[in-house]
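Dear colleague,

Please find the structure below, handed over for your own use. My notes on what was found in it follow.

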Amino acid sequence: TGTPDWFGRGVTYQIFPDRFRRTGTPDVSGMVGHRWLHESWDDQPVFRPDEDGQITNRDFFGGSLAGITEKLDYLQSLSVSTIYLNPIFEADSNHRYNTADYLAIDPMLGTEEDFRTLCREAHDRGIRIILDGVFNHTGSNSRYFNADGFYPEPGAAQSKDSPYFPWYSFHPWPTEYDAWWGVHTLPAVNEDAPDYRRFIISDEDSVVRRWLRCGADGWRLDVAADLGLSADFNHKFWQDFRKNVKEANPNAVIYAEHYG
């Protein structure tokens, strides 16, 4: 099947989840990363480097999936037919492009049930939901890499015996590794690692299939051309990805970022 008929009709509306609408003041303690919350929704985001010259994006405003659900009637009044969400999975930055857990909604945004509710309420209004798939790299503080040891199971940065060690390329282990554009907080994944491929794409409960079953209507693919060491591999990865998406939901949409 080609592009589904529903995609491109009406308005496609992009939402940066942390900054759309909050329904309360979340408690950030106990969450991965050193997060802090703006008390005022009207504050200016922190965008300058810290004393170490790093831009950590650890300041949050507390937008949530429930906040988006509350505003669906408003979005419908704008003729919105598709909502594209920037990443919603657990991560220790406000942009969440440094995924910490592909199988968990970030607790500041809510729960899996909140996501299911958003999809259900959106579908009742004829609105589809597209997720952001960040599969070229994870976060350094993910349960897979676990540089700061937040997660109880050893990650690739802690033990060569970790099941996630083959997902990354170290030279030498554990301090030097391939990362997206050299950004140390974004360790690059070996997308040809069979276990990673199964986890993301082809297992019965893979990341791709799981969230489509929860109600998502498609995937936007982050830095899609960066995956793989060759064009042939890159094409094969996305061909496998598409095959599994369409098996899970023949009417799902897939589109990709290509910033080159």
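**The largest pocket**

Twenty residues, written 20 in the count, line the largest pocket, and those nearest its centre are Gln 54, Ile 55, Thr 56, Arg 58 and Thr 185. Please keep in mind that this is a predicted model. The space in this largest pocket comes to about 420 Å³. By class, its lining divides into 4 nonpolar, 11 polar and 5 charged residues.

**The largest cavity**

As a general point, rolling a probe the size of a water molecule over the atoms shows where empty space is left. The structure holds 1 cavity of 30 Å³ or more. The largest cavity contains about 40 Å³ of space.

Which residues line the largest cavity? They are Pro 87, Phe 89, Arg 96, Thr 99, Tyr 102, Asp 132, Gly 133, Val 134, Phe 135 and Trp 219. Sorted by class, this lining has 6 nonpolar, 2 polar and 2 charged residues. Two strands, β6 (99–105) and β7 (128–133), each supply at least two residues of the lining.

**Strand β7 and its partners**

β7 is mostly covered, with 5 of its 6 residues buried. It pairs with β4 in the parallel sense, over 3 bridges. Within that pairing, Ile 83 stands opposite Ile 129 of β7. β7 also runs parallel to β8, to which 3 bridges join it. Here Leu 131 has Trp 219 in β8 as its bridge partner, and Trp 219 is also one of the residues that line the largest cavity.

**Asp 101 in strand β6**

Asp 101 is found in strand β6. Is Asp 101 buried or exposed? Its relative accessible area is 8%, so Asp 101 counts as buried. Leaving out residues up to four places away in sequence, Asp 101 touches Phe 89, Glu 90, Arg 143 and Tyr 144. Asp 101 and Glu 121 are 20 residues apart in sequence, and their C-alpha atoms are 25 Å apart in space.

His 38 sits in the loop between β2 (36–37) and β3 (59–60). With a relative accessible area of 3%, His 38 is buried. What does the side chain of His 38 make a polar contact with? The partner is the side chain of Asp 59, at 2.7 Å. Setting aside neighbours within four places in sequence, the residues in contact with His 38 are Arg 22, Asp 43, Gln 44, Pro 45, Val 46, Asp 59, Phe 60 and Phe 61.

Arg 210 belongs to helix α5, residues 207–213. Its relative accessibility is 18%, and because buried means under 20% relative accessible area, Arg 210 counts as buried. Beyond residues up to four places away in sequence, Arg 210 touches Leu 103, Glu 112 and Asp 205.

**Backbone points to check by eye**

Most residues other than glycine have a negative phi, and most peptide bonds are trans. The following places depart from that.

- The peptide bond from His 171 to Pro 172 is cis, with omega near -5°. Pro 172 is placed in the loop between β7 and α4 (194–202).
- The peptide bond from Trp 173 to Pro 174 is also cis, with omega near 0°. Pro 174 is likewise in the loop between β7 and α4.
- Ser 79 is not a glycine, yet its phi is positive, at about 70°. Ser 79 lies in the loop between α2 (72–77) and β4 (80–85). At 47% relative accessibility, Ser 79 counts as partly exposed.
- Val 223, also not a glycine, has a positive phi of about 35°. Its place is in the loop between β8 (218–221) and α6 (231–248). Val 223 is buried, with a relative accessible area of 3%.

Best regards

Methods:
Residues numbered from 1 in each chain as written. Predicted model: local features only at pLDDT ≥ 70, side-chain atom pairs only at ≥ 80, totals over all residues. Heavy atoms only, no water. 1 Å grid on protein atoms, 1.4 Å probe; cavity = no way out; pocket = protein on both sides within 12 Å on 5 of 7 lines; lining within 4 Å. Points joined across faces, edges and corners; volume = space filled by probe spheres on them. Helix = DSSP H or I, 4+ residues; strand = E, 2+ residues; numbered from the N terminus. Nonpolar A, V, L, I, M, F, W, Y, C, P; charged D, E, K, R; others polar. Buried < 20%, exposed > 50% of the residue type's maximum accessible area, 1.4 Å probe, protein only. Contact = heavy atoms within 4.5 Å. Polar contact = N/O pair within 3.5 Å; in protein donor to acceptor, adjacent residues only side chain to side chain. Pairing = 2+ DSSP bridges.
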